[in-house]
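Please read it alongside the sequence and the model.

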Amino acid sequence: MNERKSIWIRGFKHCILISGAILMLFPFFWSVSTSFKSLREIFRNPFSLIPIHPTFNNYVAIFNKIPFARYLLNSFIVASATTFLQILTAMLSAYAFSRLNFKGRNLIFYIFLATMMIPGQLLMIPQYLIVAKFGWINTYQGLIVPYAATALTTFFLRQFFLAIPKDLEDAAVIDGCNSFQVLVKIFLPISKPAISTIAIFSFMWSWNSYFWPLLIVNVPKMRTIQLGLAMFRTEGGIQWGEFMAGTVVATLPILIAYFFAQKHFVKSITLTGLK
Amino acid sequence: MFITPTGLIITVFVFFPLVYAFIMSFHSWNMSSAPMYVGLKNYIMALESVSFWNSMLYTVYYVLGVLPFSLIFGLFFALLLKDNDMRGTSIYRMIYFMPVVTSPIAAAMGFNWIFENQMGIANHLIEKLGGQPVSWLSTPTGILQMLFNHFNVVLPKILQGPSLTMCVIILLGIWQNVGYATVVYLAGLQSISDTYYEAASLDGATNWKKFWHITLPLLSPSTFFLLIMFTIASFQVFGPIQIMTPAGGPLNTTSVIVFYLYRQAFSYYNMGYAMAIAFLLMGLILAITVFQFRFLERRVNYE
């Protein structure tokens with residue numbers, strides 16, 4: 001009796017969860033579906049959930065009409081470089097904050113930490129002016145360098161480094177390794193999980209960022225994918241098939257990465273509180 | 001030195017801008033002529049400006065719309081998913097988390113299309129069910145006012161509620177947050193030891209009582225964490241607003257504070273004024289966060 005009851009309850013739970021999943025998936029489904037429809041089919045009423053005559057025209061059009069491939073490449077360059085630099089700078093500073101003794105270490109660390117509290121928008125206008133002074137408007141440097149080091153990544157990696165037992169490096173120091181060699185030969189291999197966490201959120205953050213590129217990019221060829229998509233929307237009238245094709249293309253890289261490294265994604269986003 | 005790269009970047013792109021923004025917030029500057037010291041004028045101007053307070057109101061609507069629903073639905077799904085013997089838990093979790101990794105811009109494009117005034121599927125469905133199509137993205141009337149329209153009552157502005165257009169943007173915010181809340185709550189639930197529930201069962205507690213007296217209090221660290229995270233992020237919403245309502249929405253009803261700031265800075269070039277607004281925003285976020293830490297954290301049960 002009890003067993004039967006629990007089967008019913010479970011079935012009911014599945015019903016609710018499936019409805020939830022449908023709501024979560026619907027915007028994805030509808031974007032993909034629309035992106036394969038011809039203009040005529042998009043305007044047709046009654047509408048069809050799945051394209052009756054699927055076409056690639058929208059995808060062909062966005063790559064021909066606007067430099068979508070260039071946008072993707074820009075985003076890829078910016079996100080990869082930002083990720084790489086963030087890992088590099090975080091490793092160096094996290095090592096200093098967790099292992100090296102120097103004057104004012106804790107004070108500097110707390111000042112770093114305090115910067116995490118400052119909302120991005122507050123800094124962006126002066127950052128924009130500084131980047132303009134450097135002549136970095138519409139350049140990769142302008143998109144990358146201001147975010148090449150963050151307090152968050154330093155903090156995150158420092159906590160991880162603090163948990164590494166001192167004995168490990170003592171042996172290396174006796175063998176004559178200097179600080180830098182200890183960092184590369186001992187800390188780097190042990191910290192792979194923490195570094196992959198940073199890599200995922202840096203890359204995702206950079207790929208999805210919009211406000212900063214909006215400020216400092218004003219020529220089409222330097223647009224990142226998010227900016228390209230947004231500008232396409234505001235400049236493009238009502239080309240919904242093409243808009244959705246663009247949306248799919250802009251989202252796909254992150255979603256593919258998410259499917260392959262799901263656990264890491266969930267972990268890194270939850271740990272860092274980053275969205 | 002090992003901290004040189006990080007230190008240099010943080011100094012140039014965080015500390016310096018912070019000081020610079022602070023100084024400029026006391027100046028009047030349109031980027032073409034030299035900045036002019038005006039004292040507190042920018043701050044006073046903001047606090048006396050109707051559009052500033054309206055943007056604040058719309059921001060608060062957004063935050064109050066997104067926060068509770070994200071938490072409630074997140075908790076709801078987490079409770080359903082907690083069942084260890086149930087199949088498919090990981091698939092559900094994977095699906096619910098998909099909107100979290102999606103960029104706000106892409107998500108806004110998708111929602112924009114669903115709720116498009118003429119051809120959006122939301123209206124197609126309403127028509128199919130025999131209803132009148134709704135101008136989702138161009139209705140400035142607050143939803144509470146819409147309700148009270150039936151009784152011919154006009155509410156004061158602050159009580160009219162978010163415009164229908166803002167509600168669509170709130171819906172998008174909830175959609176993007178629920179999966180995150182689900183995952184955080186799920187982790188919280190899994191760390192609650194079964195012994196609490198067993199002891200409660202022995203005392204004859206009902207499921208509802210167990211939920212109210214065990215689950216909810218022991219989840220309070222997760223709730224607190226989510227509250228802080230969502231509050232800070234929601235106050236800074238910008239991208240989706242710009243995609244769905246590039247002009248600030250019907251009668252500016254989706255012009256949240258960051259959108260207002262952006263327009264002041266880059267459409268009207270009121271740089272000093274924009275920075276004063278940024279400081280007011282930061283003060284507000286800081287005050288709310290401190291309030292949450294001071295008054296809510298006391299009620300959090302850390303085991």
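Chain A is assigned two domains, domain 1 (2–55) and domain 2 (65–272), with bounds from an automatic or database domain assignment. The model is predicted: local features need pLDDT of at least 70, side-chain atom pairs count only at pLDDT 80 or more, and totals for chains, interfaces and linings use all residues. Residues are numbered from 1 along each chain as its sequence is written, and chains are lettered from A and ligands numbered from 1 in the order in which they are written.

**Domains of chain A**
- The centres of domain 1 and domain 2 of chain A, taken over C-alpha atoms, are 34 Å apart.
- Seven residues of domain 1 of chain A and six of domain 2 of chain A form their contact (C-beta atoms, placed from the backbone, within 7 Å).
- On the domain 1 side, α1(A) gives the most, with four residues; helices are DSSP runs of H or I, at least four residues, numbered from the N terminus.

**Chain A with chain B**
- The contact takes 65 residues from chain A and 64 residues from chain B.
- Helix α1 (residues 4–24) of chain B supplies the largest share of the chain B side, 12 residues.

**Helices α6(A) and α14(B)**
- Helix α6 (residues 120–133) of chain A packs against helix α14 (residues 271–296) of chain B at about 155 degrees, with axes 8 Å apart; axes are lines fitted to C-alpha atoms over the stretch in contact, and angles run from 0 to 180 degrees between N-to-C directions.
- α6(A) and α14(B) are therefore roughly antiparallel (angles over 145 degrees).
- A:Gln121, A:Leu122 and A:Ile125 in α6(A) meet residues of α14(B), among them B:Met271 and B:Phe279.

Note on methods
Contact = placed C-beta atoms within 7 Å. Helix = DSSP H or I, 4+ residues; strand = E, 2+ residues; numbered from the N terminus. Parallel < 35°, antiparallel > 145°, perpendicular 65-115°, else oblique.
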